[in-house]
Amino acid sequence: MTDTITAEDANLWLEEVDGADAMAWVRDRNAETVAALTGEARFAELRDEIRTVLDADDRIPTIAWHGERVYNLWKDASHPRGLLRRTTLEDYRAAEPAWETVLDLDALAAAEDENWVWQGATYLRRGPLAGDHRALISLSRGGADAAVVREFDLDELRFVPDGFTLPEAKSDVSWITIDEIFVGTDTGPGTMTSSGYPRQVRRWRRGTPVHEAPVVFEGTADDVSVRASSDPSAAGERALIRRSLDFFHAERHLLADGTLTKLDVPDDAGVDVHRDWLLIRVRTDWTVGDATHPAGSLLIVDLAAFLAGSRELTTLFTPDPHTSLSYSDWTRDGLILVLLADVQSRLELLRHVDGGWQRTVLGAELGQTDVWDTNADTDEQYLLLSSSFTLPPTLRHGVLGGDPPTMLKQGPSYFPTDGLTTRQFFATSADGTQVPYFVVGDPAAGPGPTLLSGYGGFEVSRVPSYNSIIGRGWLARGGTYVVANIRGGGEYGPQWHRSALREKRPRAYEDFSAVAADLVERGITTRAQLGIEGGSNGGLLMGVMLTRYPDLFGAIVCAVPLLDMRRYHLLLAGASWMAEYGDPDDADDWAYLRLFSPYQNVRTGVPYPPTLITTSTRDDRVHPGHARKMVARLREHGHDVSYYENIEGGHGGAADNAQLAFKWALAFEFLWRTLAP
């Protein structure tokens, strides 16, 4: 970065996350927005309605297997931070399961005078480790990615005195045995990457200092991260070590019985080991011997044979122009493939029988079915969660090779759906590409307030799903909701993503603008009634729409956004995304980044639509400085922009349901005032 560019940025002081001047500026902007948007009865109605559905007691308590019981993290009005609780699968089938409380996060936070937010748990799984019942629980202060790790006894239901404990950091942990874990954490200078993640894997034995634990693998400072994942499906000790070279490329090393072996697979492939198998998901065409496996294929091979030099790969899935593999999930001896056919899900259940793979196909219509969990350590059980834009979630239970899955729980409807339909259309982008999008609303209503959402990055797919917040705050009030499946996502596999990578990023923006124009041409909405929203990379999308396509929209909501593409790689985890966007310090990369970087493209005299930008002080993934500086620059140029920064919440923007309801009510109130005054 040159001194000239640094000097031109008069708003650098807003990057001081907790700086006194920066926080005073935040408080002033928050006060302005709260005063402007919360004074009318509709805001309180929106907030209370959203809070009601977030805290509703009749929600499906989603579960995951750990050992022989199923666990659930439950939040409601009485437990805003959450209850970790458990029961048996049989008892879960009852209308009112008998839950046993494992850990009360609200009571813990009160007792320790800490602002604990649940970050997750790593369980000592069954298989060869049967009989041990421990978890490594991650607790975040205020919702940040960085967390404290503490060992928890699932038999005694208490934290283990003098157990495995790590101070606040972006740590990674994985059980080896009850007395040993793999750990990556901040143990001093040289132990973290420039992206802020661990660059070492240590083997840490109970009762010893973590900084003295032997290093079993180490990457470089320029890597994104290094992590080890133990494989409980293997008899004896086995782990997969991933050295992430950038966001999409990694070396994989198999650590088995003390021997480290680099796996001879493409560094952009997805790799998994389970029992006797090596699973390879190809992201670019891969030629092995006389066969070329196209990008998006899923291959499987006997692990021992592969390590011995065999390349007899079996193809489990090959993509076509309309169908891609979203992901796969193991049962004990089988595999479930989740496919997208023109962004509609289809499941294939695979069992290895008599040397081949038997398939059973499950379909879903204009909706989405996901594998919610499997009991991969012990048997063939699986859980499926299905929903659509207008159909509430249904949780089903099945056994691979058994009868079709049966319903366990069905969620209630939280908004009226009479008259609402889901339609899929295709817009033609600037280069002729057909871009799918879903429209949810009343087709007989005529042009009206419409909210268009998109993401378009990191091979993340936007699929149909039930969203009670959108339902209550938008659809139930007569709005139309649209989800655009633009390039950069994973809806059509790796190629759909790569077609908007780095210098090709504008393809995603052309796709989104094409969907916006198509909505108007079809008479679904008008330019003045079309609002858009997106967060994170979707926040970058919103920033580009604001600065490059302002004439297409009536209002913009931009959340936890990435906006300053000149400095993004210097802020928090930004360096880890250079494979997606490019390196601003490289002249060739900056030559294209500068053309769409929102912060550098704010102009005076251009009629930008009213905009609401939100973020979180505690977001340690996308720096809040992006949002702050963009608002400051827009204000300097005389544009209509509102700002709200939640002091807690991390990258999700909210630490509990009350904050989440408040944030969404602000957004909806802003949209309704702007699009339907």
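Biologist: At what angle do helix H2 and helix H13 pack?

Modeller: In this predicted model, helix H2 (residues 20-37) packs against helix H13 (residues 625-636) at an angle of about 65°, and their axes are 12 Å apart. Because angles of 65 to 115 degrees count as roughly perpendicular, H2 is described as roughly perpendicular to H13.

Biologist: Is the crossing of H2 and H13 left-handed or right-handed?

Modeller: The crossing of H2 and H13 is left-handed. On the H2 side, the contact is made by Ala22, Met23, Trp25, Val26, Arg29 and Glu32, and on the H13 side by Arg628, Val631, Ala632 and Arg635.

Biologist: How do the residues of that contact of H2 with H13 divide by class?

Modeller: The contact of H2 with H13 has 6 nonpolar, no polar and 4 charged residues.

Biologist: What about H14: at what angle do the axes of H2 and H14 cross?

Modeller: The axes of H2 and helix H14 (residues 657-675) cross at roughly 60° and come within 10 Å. That angle makes H2 oblique to H14. The crossing of H2 with H14 is left-handed.

Biologist: Which residues meet there in H2 and H14?

Modeller: Val34, Ala36 and Leu37 of H2 meet Phe662, Leu666, Glu669, Phe670 and Arg673 of H14. By class, this contact of H2 with H14 has 6 nonpolar, no polar and 2 charged residues.

Biologist: Changing topic, what volume does the largest cavity have?

Modeller: The volume of the largest cavity is about 40 Å³. The count of cavities of 30 Å³ or more comes to 1.

Biologist: Which residues line the largest cavity?

Modeller: Its lining consists of Phe389, Phe415, Val440, Ser465, Tyr466, Asn467, Leu475 and Tyr481. By class, the lining of the largest cavity has 6 nonpolar, 2 polar and no charged residues.

Note on methods
Residues numbered from 1 in each chain as written. Predicted model: local features only at pLDDT ≥ 70, side-chain atom pairs only at ≥ 80, totals over all residues. Heavy atoms only, no water. 1 Å grid on protein atoms, 1.4 Å probe; cavity = no way out; pocket = protein on both sides within 12 Å on 5 of 7 lines; lining within 4 Å. Points joined across faces, edges and corners; volume = space filled by probe spheres on them. Nonpolar A, V, L, I, M, F, W, Y, C, P; charged D, E, K, R; others polar. Axes fitted to C-alpha atoms, helices over the stretch in contact; angles between N-to-C directions. Helix = DSSP H or I, 4+ residues; strand = E, 2+ residues; numbered from the N terminus. Parallel < 35°, antiparallel > 145°, perpendicular 65-115°, else oblique. Left-handed = near helix turned anticlockwise from the far one by under 90°. Contact = heavy atoms within 4.5 Å.
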